[in-house]
Amino acid sequence: MQGDAAAQTARWMLELRRTLDIAADLTQRGRAAYDDDPALRLAFEALSNRVGDLAKRLTALDPERFDDPLWSAAARNRDAVAHHYHRLDHDLLWNTVTRDFTALRALLDELG
């Protein structure tokens, strides 16, 4: 990988780590807070958009390194949240952020 591409990958991986850490912090508020606070649900939507966008960028930049199906799942989730927000399943969004984002973070940590 060229130097510029490697540097870009590192920047995007760092941004993804930070975003996933924010998501983990917000999930600590619990399911009841998520259900009761519309701002928290909107934050989960925004986090899904950012995570999915970064997953798309990383996969496009280095498809061999970011080849796990979880990367494309994150990108598809972003598209669903961004384009079908009017019929968003908030139970599914909660599960995505609390479970799938944790798995994505572990995968990201494995990659370095």
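A crossing of two helices is left-handed if the near helix is turned anticlockwise from the far one by less than a right angle. In this predicted model, the term applies to the crossing of helix 1 and helix 3, and the crossing of helix 3 and helix 5 is likewise described as left-handed.

The secondary structure of the chain consists of 5 helices and 0 strands, and the order of elements from the N terminus is α-α-α-α-α. The chain has a radius of gyration of 14 Å, close to the 13 Å that the globule rule gives for 112 residues, and it is therefore as compact as a globular protein of that length. Along the principal axes, the C-alpha trace spans about 45 × 25 × 20 Å. Of the 112 residues, 36% count as buried. Among contacts in the chain with a separation of 6 or more, 76% are accounted for by residues 24 or more positions apart.

Two packed helices are described by the angle between their axes and the distance between the axes. For helix 1 and helix 3, the angle is about 155° and the axes lie 10 Å apart. Because angles over 145 degrees count as roughly antiparallel, helix 1 is roughly antiparallel to helix 3. The residues in the contact of helix 1 with helix 3 comprise 16 nonpolar, 4 polar and 3 charged.

Helix 3, which covers residues 38–61, also packs with helix 5, which covers residues 90–111; their axes come within 10 Å and cross at roughly 45°. Helix 3 and helix 5 are therefore oblique to each other. On the side of helix 3, the contact is made by Arg41, Phe44, Glu45, Leu47, Ser48 and Val51, and on the side of helix 5 by His90, Leu93, Trp94, Val97, Phe101 and Leu104. By class, the residues of this contact between helix 3 and helix 5 divide into 8 nonpolar, 2 polar and 2 charged.

Arg17 is located in helix 1, which covers residues 3–27. Is Arg17 buried or exposed? The relative accessibility of Arg17 is 17%, and since buried means under 20%, Arg17 counts as buried. Apart from neighbours within four places in sequence, the residues in contact with Arg17 are Arg105, Leu108, Asp109 and Gly112.

Methods
Residues numbered from 1 in each chain as written. Predicted model: local features only at pLDDT ≥ 70, side-chain atom pairs only at ≥ 80, totals over all residues. Heavy atoms only, no water. Axes fitted to C-alpha atoms, helices over the stretch in contact; angles between N-to-C directions. Helix = DSSP H or I, 4+ residues; strand = E, 2+ residues; numbered from the N terminus. Parallel < 35°, antiparallel > 145°, perpendicular 65-115°, else oblique. Contact = heavy atoms within 4.5 Å. Nonpolar A, V, L, I, M, F, W, Y, C, P; charged D, E, K, R; others polar. Rg over C-alpha atoms; globule rule 2.2 N^0.38 Å. Buried < 20%, exposed > 50% of the residue type's maximum accessible area, 1.4 Å probe, protein only.
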